[in-house]
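Below is a walk through one protein structure, taken in steps. Please keep the sequence and the model in view while reading.

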Amino acid sequence: MWGFKIAKSQSINYDRNDKEIMRTVLDNEPSLRVCMACGACTATCSAGNLLPTFNIRRLNTLLQRGEYTQLRNELNNCMLCGKCTLVCPRGVNIRNIVLNTREALMKYESDTI
Ligand code: SF4
Ligand code: SF4
């Protein structure tokens, strides 16, 4: 009557996503727990300097949310140069996290196909 109606919920429940890869990566590289999202890794990233859409800090968020499709696409752009690891003030071994996440993703996909 007034032109209003109840909209469908736009909320996303990340708790429904499978977090197996996150657990595997944390077991192998616990330094990920101390990331404070400062962005120093992103600012110095070689791949990010070439590809404006590549953002390594986002990796942590995607990993924690269990958004594996985006995560895989993002990871494939990493050149494994290790600059991010050198500048991280918290000593997060990002290069190792990328390697572990790639491996865990391959295993996860081969197990779920
Ligand atoms: S530089 Fe280290 S602490 Fe900062 S966002 Fe990157 S991983 Fe996290
Ligand atoms: S290892 Fe990957 S994420 Fe880290 S600086 Fe190099 S290209 Fe960027």
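Where is the place of Asn-13? Asn-13 sits in the segment before α1, the helix that spans residues 20–28. The model is a predicted one. Asn-13 counts as exposed, because it has 7 C-beta neighbours inside 10 Å, and a residue with 12 or fewer is classed that way. In sequence Asn-13 and Arg-65 are 52 residues apart, while in space their C-alpha atoms are 9.3 Å apart.

The next stop is helix α5, residues 68–75. Its buried residues are Tyr-68, Leu-71, Glu-74 and Leu-75. Viewed down the axis of α5, these buried residues fall within an arc of 125 degrees, so they line one face of the helix. An α-helix has 3.6 residues a turn, so residues three or four places apart point the same way. The buried residues of α5 pack against α1, α4 (56–65) and α7 (94–112). Thr-69 and Asn-73 are exposed and lie on the face of α5 that is turned away from the buried side.

The ligands come last. Ligand 1 is surrounded by 13 residues, of which Cys-35, Cys-38, Ala-40, Cys-41 and Cys-88 are the closest. By type, the shell around ligand 1 holds ten nonpolar residues, one polar and two charged.

Around ligand 2 there are 15 residues, and the closest are Cys-45, Ala-47, Cys-78, Cys-81 and Cys-84. Two or more residues of this shell come from each of α3 (46–50), α6 (83–87) and α7. The shell around ligand 2 divides into ten nonpolar residues, three polar and two charged.

Conventions:
Residues are numbered from 1 along each chain as its sequence is written. Chains are lettered from A and ligands numbered from 1 in the order in which they are written. This is a predicted model: local features need pLDDT of at least 70, side-chain atom pairs count only at pLDDT 80 or more; totals for chains, interfaces and linings use all residues. A residue is near a molecule or strand if its C-beta atom, placed from the backbone, lies within 6 Å of it. Ala, Val, Leu, Ile, Met, Phe, Trp, Tyr, Cys and Pro count as nonpolar, Asp, Glu, Lys and Arg as charged, and the others, Gly among them, as polar. Helices (H or I, at least four residues) and strands (E, at least two) are DSSP runs, numbered from the N terminus. A residue is buried if 20 or more other C-beta atoms lie within 10 Å of its own, exposed if 12 or fewer, and partly exposed in between; C-beta atoms are placed from the backbone. The arc is that of the directions from the helix axis to the C-beta atoms. Two residues are in contact if their C-beta atoms, placed from the backbone, lie within 7 Å.
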